[in-house]
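Biologist: I am new to this structure. Please pick one part and take me through it closely.

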Amino acid sequence: MFAASLIIFGATQALPGDAARSILGRAAQPESLAALRHQLGLDKPVWQQYWEWISGVFSGDLGSSLANGLAVTDVLGERLLYSSFLMLIAAAISIPFGIVLGAVSARKRDSAFDQTAGVATLGLAALPEFVVGITLAVLFSTTVFHILPSVVVTEEGVGPWHYPKEFVLPVLTLVIAVVPYTSRIMRASTVEILESDFVEMARLKGLSERRVLWRHAVPNALAPTFQVTALNLAYLAGGIVVVETVFNYPGIGSLLVESVRARDMPTVQAIALLITGLYVVLNLLADLATILVSPRLRTSLE
Amino acid sequence: MSVAAPAPAPALEVVDLRIELVDGDREDIVDDVSFLVAAGEVLGLVGESGSGKTTVGLAVLGHTRRGARVGRGEVRIEGRDILALPALERQQLRGKLVSYVPQDPASALNPAMRIGGQLDEALSQHGFGSSGADRRVRIVETLGEVLLPSDDAFLRRYPHQLSGGQQQRVALAMAFANRPRVIVLDEPTTGLDVTTQAHVLETVRDLCAAHGVAAVYVSHDLAVVATLATRVAVMYGGRLAEVGPTGSLFRAAAHPYTRRLVEAIPELSGRHALVGIPGTAPRPGHRPRGCFFSPRCTYVRDDCLETPPPTARISPDHESRCLRHAEVMADSAVARRVAVPLPEVVADDTLLAVRSLTASYGQRQVLFDIDLLVRPRECLALVGESGSGKTTLARCVGGLHVDYTGEVAFRGQPLAPGARAREADTRRQIQYVFQSPYTSLNPRKTVGQIIAQPLRLFFSVRGTEMWRRVREALERVQLSGTVLDRYPHQLSGGERQRVAIARALVAEPQLLICDEVTSALDVSVQAAIVDVLAELQRELHIGLLFVTHNLALIRTLAQEVAVMSEGRIVERGPIDTVLDSPQAEYTTRLLADTPSLEAALAASGSGGGAPTVR
Amino acid sequence: MSDLAAAETAEVGRAEKRTRPWRVLMLTAWAQHRTKIGLGITLLLVGIALIGPFLAPYPPDQGVEGQLPFAQPSSDAWFGTDAIGRDVLSRFLWGGISVLILAGLSTAIGVSLGVAVGLIAARARGKLDDVLMRTMDVLLSFPQIVFALILAATVGPNLWLLVGAVALTTMPRAARVARGAAVEIVQRDFVRAAEAIGLPRRQILFGEVLPNIASPLIVETTLRLTFNVAVVAGLSFLGFGLQPPAADWGLMINENRNGLTLQPWPVLLPVIAIALLTIGTSLVGDGINRAMIGIERGSRGSE
């Protein structure tokens, strides 16, 4: 995580063309450049800037956005709310869907259901998110049906739950983008367990199929399930960038894109840090969950 | 001892069983299998890989692997055909009427469930007792029978917290808990060390006798079967070759395959020569039209090639599937080929000298102060059980393990640890053959390329000269030149091991280190490889360091033997001395615990299975 | 020759035809419908992208005579015009190359680097392994798009930067797969045998290990390619790839989004193209993957 923050900072600083110049434009006077630089703290040595930034992070001060001078935290705040909402709803739908689809495909492997599901997930998993988004927009907003808005227009200060209709397409896009991917992984893990020796042994012990499934197969399938869930969420975190842009959804993904266009360093750094942090935390949680679930690892900790 | 003839309504009766593949041409995996087992009797189901014995064992439970189904036949347990029952009823019978002990207990126990729970489940699923307390009583009883503790702390353990032997006993306990009528054991002692194996076998025998259970013991190890079983059924290519009482079957086999099998078993006494069987067993779909064994049979006649031979009844409980069974029986009863005595080793100098060798894996020390000597043209057998350190020692000598102190000297010159640090010529002179032929050859290279590689490296020969030497090496291991263009996966295990030996030979070494080179192979193939090695040693006068856990195997091969236990050499000396009059207590125990065909036959007289091994 | 060898040769002779592992893999993969379909689709799209410019009726940045923006399809412009009146068909035909080159190049670089890192790590074990893989992990903690965006924030849209960023994020993923497969191979006896006779390190890595991890690597490469096409197109869509007035599928989608209700074609054509391309590569990759699994299962059964 530390290294990640280093990279973020380093990347934004190391390359030529600093922030001050990009704000004021090419024709800026050297004096105004120097003044702005001083104001932004860009004339201090690099490591000091880094230190200030990091300590700022921990104390909640992420600097001021270069685009509009507001504190970054303020700008982030509302957008974060919107994005979190989006992600949560998408997660709530896609996680169970992915797990169940994968598990059922594994249970009925090689059946017609499995074959069709397999091909469908393969195709859908390959598509870029914005393709899915645009296609859905085309289908439901413009050409075929006219029921849902393709562009989200909101007022400032109003919570996301006031706009249910606007949610449908972005959520749907995210779900369609993520579920095929995770259900395939789930299927593979489940198949591996269903064909393992001890499951066969349980059958040979004369246990009923239901018991075999629930007492023997599922507990051992929990570890891959957690990993799949974490993967799912992480993938969503990456996906919101594009999806929000497609639908003009006011979340941190679209904010990131705007900030990059405007070379708004502090904001970019902040958002990047946030998303990356989320990624890392999720992976850590998945690993932790795996340890808790596996008795072998658990007892070696005792 | 138990009765040889079947009692009324035998506990287990298999009639005309056929199991076939689900897709494709519905080729059979096994066909025409019929046998009986009486209550309290142990039937040994014997065969090499590909014989179908495991499939038959599973079928006794009414179960087939994915991709296979029952084509025909009945499996009657106490008169009831379980194959004819609906799936639900069959499932209810498993674990209660007929149960199964798997080969690998570690993978057969649920890693996420405590063993107390798994035992309890075995009982509760079949409606035993009316409460948890009732079940607990039975659990304690059964655990006691398999000599395991039954206190709370033990029951709360997970499978990975038990040793291999303990896991296997838990599996046994689970199988016996419901007092079934029939039990199928699938090579349950594979991977256990000899002493544990002896215990487990004794437990099985006692339990079967005590509860009147009919047992089917599936195994490829004839020595083990001879000590345990009253009757034996030999399978080959998915068919039964011969069924009969243990003593008669082994002493005077009525089928050529059985006979060859017996001749391939290594003996502690070393009186007889080890003879392998050339060729490989046919896989489903590639089986010959007439008798399956005909391509490899020395008794083959024209009428063997047309149709499979009918079952011939030699006595009420002894049958054989061979047209010439009478002749075979007569020949088998006569003494076997006597072993060729090993050449005497006369040499003053030393080929390999190991002094004060102490080796570790990180923190763990595995070898303690080892001293060892191998003279030129001598074969030294390094014997021990798993964990004794013998492989580590071989690796240190071969330059594959570097974490050691002490000296390894070759021809008087101390060697650097690690092959890379040694001179090229030294590397050439010490060659290593690995245990598993399935992983010691590069799957992406042809046999020719594999064998040619050391030539390129050590001798910088190319072209015709190189290929000439390659062919020469192949000839020495008795492989034809047609394998040159083949890939390892197209060869059998025995052939692959020969290629590995050829690769070592081509470097013209002085010392050949063989690390358990026969452990992954079938008995008949094992004998052939040992044969090849013995011949090589005679002709090429190379020194041989032969590592194995099979005591009996070395009799026909080694002049000297060193016995290892827990990282130390406990006894060493000429082979006759050590095996016939062992000094160390460990050696004596090892010899006593090793199942031996001769011992079993000698002790039992003319009847069924042998009494206690010790 | 002894009867032993004669009997064995007869048996071996009756065994399967001589087939090199490569051919077996490719043939098995080809045998599946999905591979054929996938390959067909992919080649079709690649063809469009490569040959397109030669077939386009107009140059990509020129307006069509007498046509308004977002005009409907006509005989002059078969798919109508786009947001500033250029011929949609021409821009579409011109727009594929950039995606192909960017995605292809970044995948090639990323995978090569990743495989090198993975191999070295697998063979080294210990300290070097740890350091290398930790570095990979750090790179992995960024979603691909976010990483590219961060870099783009500094210098603005720059094609080489794009390629570099995507390659850099491809590398750790390929390295993980390469290392995973190589670690398993390195422990096998035939590699030990090569070490025992003192084969030079480079020869061991490339001659012994690499051919044996080729199958999973091929599958991973197709997977990476599929993803990278999506990432590159996405970045273009966001405006960080080729800049206007260049013709690029991702860019086209973004430029003409607002006119979706009027004229869907300038958006639809590139959308369909990108979708088909990713599906195509994905199918091919899956076909090879299944072939690989099937072969492994078969060879294990013969023991």
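Modeller: Let us start with burial. A residue is buried if 20 or more other C-beta atoms lie within 10 Å of its own, exposed if 12 or fewer, and partly exposed in between, with C-beta atoms placed from the backbone. Strands are DSSP runs of E with at least two residues, and helices are runs of H or I with at least four; both are numbered from the N terminus. The model is predicted: local features need pLDDT of at least 70 and side-chain atom pairs pLDDT 80 or more, while totals for chains, interfaces and linings use all residues. Residues count from 1 along each chain as its sequence is written, chains are lettered from A, and ligands are numbered from 1, in the order in which they are written.

Our part is chain B. Take strand S2, residues 28-37 of chain B. Eight of its 10 residues are buried, so S2(B) is largely enclosed by the rest of the structure.

What lies beside S2(B)? Strand S1, residues 12-21 of chain B, pairs with S2(B). Two strands pair if DSSP finds at least two bridges between them. Here there are six bridges, and the sense is antiparallel. In one of the bridges, B:Ile19 has B:Val30 of S2(B) as its partner. S1(B) and S2(B) make a hairpin, with six residues between the two strands. In the turn sits B:Gly24, whose phi is positive, about 75°.

An automatic or database assignment sets the domain bounds. Domain 1 takes 12-97 + 180-334. Domain 2 covers 112-179, and domain 3 covers 352-583. The centres of domain 2 and domain 3 of chain B, taken over C-alpha atoms, are 44 Å apart.

Chain B also holds an open sheet of six strands. Their order is S18-S19-S20-S15-S21-S22, with mixed pairing. At the edges stand strand S18 (430-433) and strand S22 (568-574) of chain B. Each has a single partner strand, so one side of each is left without a neighbour in the sheet. On average, neighbouring strands of this sheet are turned by 15° against each other, direction ignored. Axes here are lines fitted to C-alpha atoms, for helices over the stretch in contact; angles run from 0 to 180 degrees between N-to-C directions.

Look at one pair in that sheet. Strand S15 (residues 379-384) and strand S21 (residues 560-565) of chain B run parallel. Five bridges join them. Strands of a sheet pair through backbone hydrogen bonds, either parallel or antiparallel.
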